[in-house]
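This briefing concerns a single protein model. Please consult the sequence and the structure shown here while reading.

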Amino acid sequence: MSEFADHKYVDQLGARNKLLRLVWSITYYLFFRFTPRVGFNPWRISLLKLFGAQIGKGSKVAASAKIWAPWNLVMGEFSVLGDQVECYTMAKITLGSKVAVSQRTFLCTGSHVISSLTRELITKPISIQDHVWVAAEAYIGPGVTIKRGAVVGARAVVAKDVDEWQILVGNPAQVVGLRKLKEEL
């Protein structure tokens with residue numbers, strides 16, 4: 001017997017989850033992904049809501065955005081998921097209102113236990129509060145909360161919570177200043 005037989009990965013996702021994701025994937029590729037950029041946002045929002053997403057008025061989701069499990073997506077009002085954003089919604093991803101998630105950002109709620117050779121699945125929710133801007137190609141890891149008004153710079157890797165109005169850049173993300181507004185909220 002191989003030494004690897006004792007360390008076989010155990011899939012913890014149930015049949016219902018897999019079936020729902022299969023139906024969503026078919027729907028995504030047939031009716032969501034290839035819709036025109038202009039004029040079809042209400043259609044995409046309706047499809048996401050049909051699969052359990054909670055999305056506030058005025059929010060937009062690009063046709064090329066990939067949502068793994070829409071039933072774990074919550075978006076406030078006037079928030080945006082840009083082109084090719086990937087929402088790996090194994091756990092809940094919550095976006096507040098007036099949140100901008102820029103192109104090719106990866107919001108990842110799932111990982112694996114690294115202290116075990118069977119690599120058990122770990123899922124932790126992501127929360128991005130009101131007025132946050134996540135710039136292009138950033139990575140937001142499992143369990144992260146980005147508090148109100150923060151800015152995550154392009155290609156930043158965020159693995160820890162971010163306080164209100166902080167500006168972060170780099171890998172790993174480091175605070176480089178505080179966001180100051182010209183107008184009052």
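The points below cover the overall architecture, the strand pairing and the aromatic contacts.

The model is predicted: local features need pLDDT of at least 70, side-chain atom pairs count only at pLDDT 80 or more, and totals for chains, interfaces and linings use all residues. Residues are numbered from 1 along each chain as its sequence is written, and side-chain values use heavy atoms, with hydrogens and water left out.

**Overall architecture**

- The protein has 2 helices and 19 strands, where helices (H or I, at least four residues) and strands (E, at least two) are DSSP runs numbered from the N terminus.
- The radius of gyration is 18 Å, close to the 16 Å from the globule rule for 185 residues, so the protein is as compact as a globular protein of that length; the radius is taken over C-alpha atoms, and the rule is 2.2 Å times the number of residues to the power 0.38.
- The C-alpha trace spans about 65 × 40 × 20 Å along its principal axes.
- Of the 185 residues, 42% count as buried (under 20% relative accessible area, with a 1.4 Å probe and protein chains only).

**Strand pairing**

- An open sheet is formed by 5 strands in the order β3-β6-β9-β14-β17, with parallel pairing; two strands pair if DSSP finds at least two bridges between them.
- Its edge strands, β3 (66–67) and β17 (157–158), each pair on one side only.
- Strand β14 (residues 139–140) pairs with β17 in the parallel sense over 2 bridges, and Y139 stands opposite V157 in β17.

**Aromatic contacts**

- The whole structure contains 8 aromatic pairs; rings of Phe, Tyr and Trp (its six-membered ring) pair if their centres lie within 6.5 Å, and planes under 30 degrees apart count as stacked, over 60 as edge-to-face and the rest as tilted.
- The pair of W24 and F32 is edge-to-face, because the ring centres are 5.8 Å apart and the planes stand at 70 degrees; both residues are buried.
- W24 also forms an edge-to-face pair with F51, at 5.0 Å centre to centre and 65 degrees between the planes.
- Since W24 lies in helix α1 (residues 15–32) and F51 in the loop between α2 (41–50) and β1 (54–55), this pair ties together parts that are 27 residues apart in sequence.
- Ring pairs link W24, Y28, Y29, F32 and F51 into a cluster.

**Charges over rings**

- K66 lies over the face of Y28, at 4.4 Å from the ring centre; the criterion is NZ of Lys or CZ of Arg within 6 Å of the ring centre and within 35 degrees of the ring normal.
- R33 lies over the face of F34, at 5.3 Å from the ring centre.

Note on methods:
Buried < 20%, exposed > 50% of the residue type's maximum accessible area, 1.4 Å probe, protein only.
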